[in-house]
Amino acid sequence: MDSKIPERKFNQMNRRELFKIAPVVALGAFAVPKLQEPLLKKGLAFSDWASGKLFRKGHLAPTFEDSRLTPFERFPINGYDVEDPGVDFDVWTLTVSGAVKKPGDYKLEQIQSLPKITQNVRHVCVEGWDVIGRFSGVRLSDFLQMIGADMTAKFVCVECADDYYEYLDMATAMHPQSLLCYDMYDRPLTREHGAPLRLNIPTKIGYKQAKYLTDLKVSHVLERVGYWEDQGYSEFYGL
Amino acid sequence: MSEAVIEITSTKSGEVETAIYEHPLPVRVCHWLNVGALFVMVGSGLQIFRAFPSFGPKIPQVNLLHWPRPFALGGWLGGGLQWHLTFMWIYMGTGAVYIGYQLLSGHYKQVLFVPRDIPGIWPMVRHYFFFGPKPPATEAYNPLQKQAYTTVLILGVLSVLTGFAIWKPVQFSWLAWLMGGFNYARIWHFAVMWAILVFIFGHLVMVALHGWSNFVSMLTGWKRNPDYALPWEMNAPAMAEEVDSASTEVPSEEAEKEVASSEIMEPEGADKAPPDGGSESV
């Protein structure tokens, strides 16, 4: 044993070592009411940034056999406001605006003229439950091409008949499984499931899959995020 | 810190005591950061669980248990998610730094449970639960402690993996698949949390019962008057002393084999050290 020190010096050394771990109390900043919200906002933004990095354009969400489908009557209806905003199907159009070559009002028949895709995919709610549903519609990417969207734009924003609003990042909008959906379980969308047109985005959490679409805007800047995001939920929430 | 073992001359009595530097700074910082992170992860995780306290279908929903709001963090689902998705980075960060440091420094030998710890398990269980005699301490942690710390590290890794399977069931669909699907991943994540809580309960009980010097050493790194002779780095000779009578009769060839088989666990150059060298100096 080479080192022999008096007790006084040992106690000194212990105090010094204790001070060295003092930076740990910086975590206490999260307990300060004034700092808590901005810190958590930063943390959530960091998670969203990481989510964006983890997203892979060509990676497909798992699809399922018909036998795995959740029965239609057990597919939850999660409206944030009303289950039926009273859309008049006869005059309904999707109003397209923003960074597109062909803005204007698009009828359902025009949208349905694009190739029809059907997929059995998992729908995950932020609450924690999940169901496997059967969705049909057209690829959002096909529609963006149809309207001559500027592919350098970053966002696709939608508005809904029930005043709900949402956005998708362009990479997710261009994903092959991202649909403008008009059929569920091989039947036209029912009103409570978002008739006549909704989003089906298997790479996103449930609340990003807006129902009762009325407006679609391709945009370089995000003017408005999304209804639940504005309440404090994750903005990107990719699965 | 140049010396892992020092001698202290008591001011009052003038007697000489030993002290061992048990926990390097990165270990201590990670330990206490992780205490905070784990507290937040469990509290906010239970808040998230409250939004759908079931592992069955949504329709009809059968709740597993009602977790009271005061025992959850964040106030509401969105708040719980904010805490969870923020502190998971601190949780994973401290875990990664801890594991990385332990591996690179070789300090992992102090906590990692290895096959040769197995025979020591039963005597410790007998001591703790059935009033058996206390097995002599030969290193910082007894076999049962090493088993517990190693297990909780594995649980920590599992908590991250199951968490990713829930957070990213598409990007990490293979992870969710490994766990039996998205819904099973939720079950595993929940179960792992309870397993960690069981560990924490036991850990706190042990600290409360006879852990004051252990508690202090996790703060300052130094343990005064340790009940084991030498730190791990010089532990091999100390153990040799314990089995002294037996080892002298073992043919040297056998002994060499033993050294080779446990080579990963031995500090560098341990086999070159004289058999009793380390323990002589105590």
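**Group meeting: a helix, a sheet and a loop**

Let's start with a helix in chain A: the buried residues of H2(A) are Leu40(A), Gly43(A), Leu44(A), Ser47(A) and Ser51(A). They sit on the same side of H2(A), because they cover an arc of only 95° around the axis, taking the directions from the helix axis to the C-beta atoms. "Buried" means 20 or more other C-beta atoms within 10 Å of a residue's own, "exposed" means 12 or fewer, and "partly exposed" is in between, with C-beta atoms placed from the backbone.

Quick housekeeping. This is a predicted model, where local features need pLDDT of at least 70 and side-chain atom pairs count only at pLDDT 80 or more, while totals for chains, interfaces and linings use all residues. Residues are numbered from 1 along each chain as its sequence is written, and chains are lettered from A and ligands numbered from 1 in the order in which they are written.

Back to the helix. On the other side of H2(A), you'll find Lys34(A), Leu35(A), Pro38(A), Lys42(A), Trp49(A) and Lys53(A) exposed. And what covers the buried side? Part of the cover for the buried residues of H2(A) is helix H2 (77-105) of chain B. Helices (H or I, at least four residues) and strands (E, at least two) are DSSP runs, numbered from the N terminus.

Next, the sheet. Chain A has an open one of five strands, ordered S3-S2-S11-S6-S7, with mixed pairing. Strand S3 (104-106) and strand S7 (165-169) of chain A are at the edges with a single partner strand each, so one side of each has no neighbour in the sheet. Strands count as paired if DSSP finds at least two bridges between them. S7(A) runs antiparallel to strand S6 (residues 155-160) of chain A, and five bridges join them. Within S7(A), Leu168(A) is the residue opposite Val156(A).

Now over to chain B. It has 11 helices and three strands, and buried residues make up 31% of its 282 residues. One spot to look at is Lys134(B), in the loop between helix H3 (121-130) and helix H4 (143-167) of chain B. Is Lys134(B) buried or exposed? Exposed, because Lys134(B) has 12 C-beta neighbours inside 10 Å.

Last thing, confidence. pLDDT is the predictor's confidence in each residue, from 0 to 100. The mean for chain B is 80, with 80% of its residues at 70 or more. For the complex, the predictor gives an ipTM of 0.92 and a pTM of 0.85.

Key: Contact = placed C-beta atoms within 7 Å.
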